[in-house]
Amino acid sequence: MSTTIKALLARTWLLAGLVALWWVLSTARPSLYFPALPDILDRFVETWTGPTFLQHAFPSLVRFSVGYLLACAVGIGLGTVIGRGPGLVQRMPSWLIVFFQALPPVALIPGALILVGPGDAMKIGLITLGAVFPILFNTIEGVRGVEPQLEAMARVYRFNAVERLVFVILPAAGPQIFAGMRTALAIGLIVMVSSEMVAATNGIGYYVLQAQQTFAIPEMWGGIILLAIVGYVVNLGFVLVQDKVLMWRGESND
């Protein structure tokens, strides 16, 4: 069992303690807005083990996956070009990138609705826009920070430009790139939920908002719990992949 899995299992006592506390407090003094946890869990199982999962959770996961993968491709590709490209490209003013990064993707939803419409393309585009900048910045800094000795050794072994990029530069920048990709995970999930709450007919965000507006409070909390589970599982999967790809630097304890 990897160090990462052991660390995660060791921390489950905290989660178990919080769940137990929630169970006791909500059962002792249930209310309309904070139902007893057993009721929430009953509705959770009833809702998300049936067709509702395919109707709402599956579309959300597809949108997030496509948007996040596009952000990774654009961020790593463009970041490598800017970080290692010709001098003119490397002198691209950083304030220009910071300007676009400072635009909250959620604030662009009204404009995106007008230009693209309320379909999946709008949501995927916003997820990509929100997630791309941490990856872009970390890739630029990572490829620029490769030690000159590594590149000199690659030239000694007569690596061509592509081989230096694939076998030296990107692996050396890997830890920093993965740090940006992990930050982008959380941003992508936030944008996914926000876009579904504003303009959607399905999705987890849409389901949670509709449950709140119709006072289906246990279902609302069940949707929130599902979002927490999705975030945890996605992060766990990411850490496992990161440990495999960057095994040369030792396993992560995150």
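Helices here are DSSP runs of H or I with at least four residues, strands are runs of E with at least two, and both are numbered from the N terminus. By that rule, Trp48 sits in helix α3.

First, the ground rules. This is a predicted model, where local features need pLDDT of at least 70 and side-chain atom pairs count only at pLDDT 80 or more, while totals for chains, interfaces and linings use all residues. Residues are numbered from 1 along each chain as its sequence is written, and side-chain values use heavy atoms, with hydrogens and water left out.

Now the overview. The chain has 12 helices and 0 strands. There are 254 residues, and 37% of them are buried. Buried means under 20% relative accessible area, exposed means over 50%, and partly exposed is in between, using a 1.4 Å probe and protein chains only. Next, contacts, meaning heavy atoms within 4.5 Å. Take the contacts with a separation of 6 or more: 73% of them join residues 24 or more positions apart.

Back to Trp48. Is Trp48 buried or exposed? Trp48 is buried, with a relative accessible area of 6%. Which residues does Trp48 touch, leaving aside neighbours within four places in sequence? They are Phe53, His56, Ala57, Tyr207, Gly222, Gly223 and Leu226. Look at Leu226 in particular. Trp48 and Leu226 are 178 residues apart along the chain, yet their C-alpha atoms are separated by 8.3 Å.

Tyr207 takes us to helix α11, residues 204-213. Its buried residues are Ile204, Gly205, Tyr207, Val208 and Ala211. Why do they share a side of α11? They cover an arc of only 165° around the axis, so they fall on the same side. That arc is taken from the directions from the helix axis to the C-beta atoms. Here is the background: an α-helix has 3.6 residues a turn, so residues three or four places apart point the same way. What do the buried residues of α11 pack against? Their partners are α3 (37-48), α4 (51-84), α10 (161-198) and α12 (217-245).

Let's zoom in on α4 and α11. Their axes come within 7 Å and cross at roughly 125°. So α4 is oblique to α11. The axes are lines fitted to C-alpha atoms, for helices over the stretch in contact, with angles from 0 to 180 degrees between N-to-C directions. Under 35 degrees counts as roughly parallel, over 145 as roughly antiparallel, 65 to 115 as roughly perpendicular, and the rest as oblique. On the α4 side, the contact uses Thr52, His56, Ala57 and Ser60. On the α11 side, we have Ile204, Tyr206 and Tyr207. The residues of this contact divide into 4 nonpolar, 3 polar and no charged. Nonpolar covers Ala, Val, Leu, Ile, Met, Phe, Trp, Tyr, Cys and Pro; charged covers Asp, Glu, Lys and Arg; the others, Gly among them, are polar.

Thr80 is buried, at 12% relative accessible area. A polar atom of its side chain lies 2.6 Å from the backbone oxygen of Ile76.

Last stop: the loops. Most residues other than glycine have a negative phi. Phe215, in the loop between α11 and α12, has a positive phi near 60°. Phe215 is exposed, at 53% relative accessibility. Arg158, in the loop between α9 (148-156) and α10, also has a positive phi near 60°. Arg158 is exposed, with a relative accessible area of 74%.

Definitions and conventions: A polar contact is a pair of N or O atoms within 3.5 Å; within protein, one must be able to donate a hydrogen and the other to accept it, and residues adjacent in sequence count only if both atoms are side-chain atoms.
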